[in-house]
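Please read them with the coordinates open beside you.

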Amino acid sequence: MSNVTLSKVNKIYGTGRMGVHAVRDLDLAVPNGEFMALLGPSGCGKTSTLRMIVGLEPITSGDIHFDEVRVNDLEPRERNVAMAFETYALYPNFTVEENLAFPLEVRGVPPADRRRRARELAELLRITEILSAKPPVLSGGQQQRVSLGRALIREPAVFILDEVMSHLDAHLKFQMLFDLKRLHQELRRTMIYVTHDQVEALALADRVAVMSNAELQQVGDRNALYNRPANMFVADFIGEPPTTFIPVERCDHAGSTRLHATGADLVFDVAAERVPGLDAHGGRKFMVGIRPQNLHLCDDGATIGGKIVINEYLGERSILSIVTGDVTLQALAPPETRMTPGEHACFSLDPRDVMIFDTETGALVT
Amino acid sequence: MVDQTRPEDRWRHVRVLFLAFLGLWLLFTLFPLYFMIITALKTTAETNLTVPTFWPEIMAFGNFAAVFAEATNFDALVDSFVIATINTLLSLFLGTLAGYAFARFPRQAGGENLAFWILSNRMFPPVAILVPMFFLFDSTPWGTDSIWSLVILYLVFNLPLATWLMMVFFRDAPRELEEAAYLDGWTPLRAFMRITLPLVLPGMISVAMLCWIFAWNEYLFANLFVGTDVRTYTIVIPTFTHGSQTLWNLQMAFSLIAMIPPVTLFILLRRYMVRGLSLGVVKG
């Protein structure tokens with residue numbers, strides 16, 4: 001088990017003007033035993049990052065350390081990493097048991113021990129009944145378990161899981177999330193889980209590293225990402241349905257500070273303790289971010305009013321889309337909400353739930 | 001008029017038509033083989049009739065022994081076999097390595113252009129290089145009349161084919177399997193031998209068949225290059241003459257014997273052949 005540290009890691013594919021900067025100045029530390037998720041949209045550099053950690057992709061610049069050891073120039077087999085692949089990558093001409101025991105065979109573990117370990121692991125992953133089958137006849141979920149098992153059978157410095165659930169159906173995915181979490185709690189090993197699905201990342205990981213456009217945006221636990229997103233990208237990417245952003249202008253009036261929406265008749269109060277933050281920034285124009293979960297339907301005394309355009313019923317909840325001026329907001333409502341398009345609705349909003357971002361850089365102001 | 005035929009009747013017509021076409025096609029393709037077999041069984045006099053017979057009047061099974069009256073004729077089959085086999089092994093070995101390089105490291109291996117250039121070696125008519133090749137091989141220590149001259153010469157035709165086909169097969173073999181093996185602790189060579197090679201084995205076998213059959217049947221170059229120390233069976237066939245008279249029965253008998261090795265190979269390996277040739281066609 002190891003601490004994994006990436007410092008100023010860069011990856012550039014190709015050379016010169018044709019080069020593509022896939023990972024830019026990435027600093028990331030994964031302490032021993034942590035379950036870290038690398039989250040980001042397709043093409044954000046998360047898979048390149050992971051391939052550099054395991055050694056399948058050369059590092060353009062920067063350093064990767066496992067504990068004190070710099071691993072930049074080590075071959076994958078010398079780094080002692082285990083990886084479960086998105087496509088499972090099971091050896092098609094080996095049985096499940098041979099697949100599981102393969103990493104031990106390479107390390108010269110005697111056959112009897114290999115068998116024992118493979119069977120123990122099969123027990124843990126509930127795949128004992130398919131041990132003698134060959135991978136092509138297995139279902140996606142079974143292949144998934146075998147590939148996890150092959151990664152888990154030895155004691156590597158770090159486990160890497162690459163989009164391992166993207167080919168599973170929703171029900172199976174739920175089961176696997178549970179199993180993975182349980183495995184991590186039992187084994188307490190350093191795991192890095194790469195995904196584009198925020199639900200998987202937030203459900204599994206101790207901390208999540210959000211990447212976009214080759215750069216690390218924020219590292220933090222789910223509360224930090226959800227309540228104190230570092231920038232508009234994180235605020236938008238984390239949370240479902242996504243955050244609504246509204247351009248606003250600062251107005252100071254009779255000792256209190258307010259934000260007026262530029263395109264609609266909306267006013268947001270700013271709590272007194274957040275005014276210094278705005279003062280420090282100095283600007284007058286901002287972007288306000290509001291999570292649909294933080295808008296609460298109410299009868300009067302509301303901060304936000306608007307006309308309903310869509311009421312999406314999703315079983316356990318409804319998503320209301322409201323238009324006021326140029327602004328379209330989304331709000332979560334209880335499923336029994338019977339509001340029809342055209343109706344006027346009022347919402348209350350706690351001033352503490354208003355996220356204020358810099359218009360230019362997108363960074364969180366306060 | 002309303003069409004009174006029931007649907008199943010109409011399907012029967014299609015079936016009959018289909019079978020008739022198939023029968024005609026079979027007749028067309030199998031007739032040369034049939035004529036070859038009966039000619040091999042005819043006496044020399046019968047082969048010279050102006051109106052050909054379609055069944056031998058006297059079954060001259062002795063023809064099959066007569067072709068070996070000259071003892072070196074059997075050696076020609078052996079020479080052909082040795083040349084075809086060595087050439088196939090070399091084509092496979094070199095073609096597999098080159099194909100792997102083109103599939104996995106296209107940039108380092110010279111890119112798509114080089115791969116295509118290799119294939120383009122099969123696009124000119126072989127006869128165009130007949131004379132240059134003769135002088136080229138004539139200047140080697142072993143000369144033209146040797147097993148090695150043909151083994152190496154046939155690489156000109158078989159190696160591009162083997163390289164190109166193996167490249168296609170390797171492209172279809174998932175790279176992640178090798179990467180998983182590296183992470184599991186294997187060296188690239190072992191991962192290649194134990195993981196990737198078994199995946200492309202059916203493809204390799206079909207490539208081997210194609211190469212072997214080409215080398216086995218080649219006549220043009222063999223006729224010019226060899227003939228004294230080494231003789232391939234293809235240049236023996238035209239020697240069955242009597243004065244100005246062509247001994248068709250002996251030629252056909254010897255050809256039939258020469259068909260045995262490739263046909264046997266094909267029957268033994270047909271399962272791999274079909275799988276190999278459809279590799280890359282059918283996906284997941």
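1. How many helices and how many strands make up the secondary structure of chain B? In this predicted model, chain B comes to twelve helices and two strands, and from the N terminus on its elements run α-α-α-α-α-α-α-α-α-α-α-β-β-α.

2. On overall dimensions, the radius of gyration of chain B is 25 Å, whereas the globule rule gives 19 Å for 284 residues, so chain B is more spread out than a compact globule. The C-alpha trace of chain B spans about 80 × 70 × 35 Å along its principal axes.

3. The axes of helix 7 (residues 147–172) of chain B and helix 9 (residues 188–217) of chain B come within 10 Å and cross at roughly 165 degrees; because angles over 145 degrees count as roughly antiparallel, helix 7 of chain B is roughly antiparallel to helix 9 of chain B. The crossing of helix 7 of chain B with helix 9 of chain B is right-handed.

4. The residues that make this helix contact include Tyr154(B), Phe157(B), Leu161(B), Leu165(B) and Phe169(B) from helix 7 of chain B, and Val200(B), Gly203(B), Val207(B), Leu210(B) and Phe214(B) are among those from helix 9 of chain B. By class, the contact of helix 7 of chain B with helix 9 of chain B has 14 nonpolar residues, two polar and no charged.

5. Turning to the contact between the chains, chain A gives 17 residues and chain B gives 13 residues. On the side of chain A that touches chain B, the elements that give two or more residues are helix 2 (76–79), strand 6 (81–84) and helix 3 (96–106) of chain A. That side of chain A divides into 13 nonpolar, two polar and two charged residues.

6. Strand 11 of chain A runs antiparallel to strand 14 (residues 285–290) of chain A, with six bridges joining them, and Pro247(A) stands opposite Met287(A) in strand 14 of chain A. Strand 11 of chain A also pairs in the antiparallel sense with strand 12 (residues 256–261) of chain A, over six bridges, and here Glu249(A) stands opposite His260(A) in strand 12 of chain A.

7. What is the phi of Ala254(A), in the turn of the hairpin that strand 11 and strand 12 of chain A form? Two residues lie between these strands, and Ala254(A) has a positive phi of about 50 degrees.

Terms used. Residues are numbered from 1 along each chain as its sequence is written. Chains are lettered from A and ligands numbered from 1 in the order in which they are written. This is a predicted model: local features need pLDDT of at least 70, side-chain atom pairs count only at pLDDT 80 or more; totals for chains, interfaces and linings use all residues. Axes are lines fitted to C-alpha atoms, for helices over the stretch in contact, and angles run from 0 to 180 degrees between N-to-C directions. Helices (H or I, at least four residues) and strands (E, at least two) are DSSP runs, numbered from the N terminus. Angles under 35 degrees count as roughly parallel, over 145 as roughly antiparallel, 65 to 115 as roughly perpendicular and the rest as oblique. A crossing is left-handed if the near helix is turned anticlockwise from the far one by less than a right angle, and right-handed if clockwise. Two residues are in contact if their C-beta atoms, placed from the backbone, lie within 7 Å. Ala, Val, Leu, Ile, Met, Phe, Trp, Tyr, Cys and Pro count as nonpolar, Asp, Glu, Lys and Arg as charged, and the others, Gly among them, as polar. Two strands pair if DSSP finds at least two bridges between them. The radius of gyration is taken over C-alpha atoms; the globule rule is 2.2 Å times the number of residues to the power 0.38.
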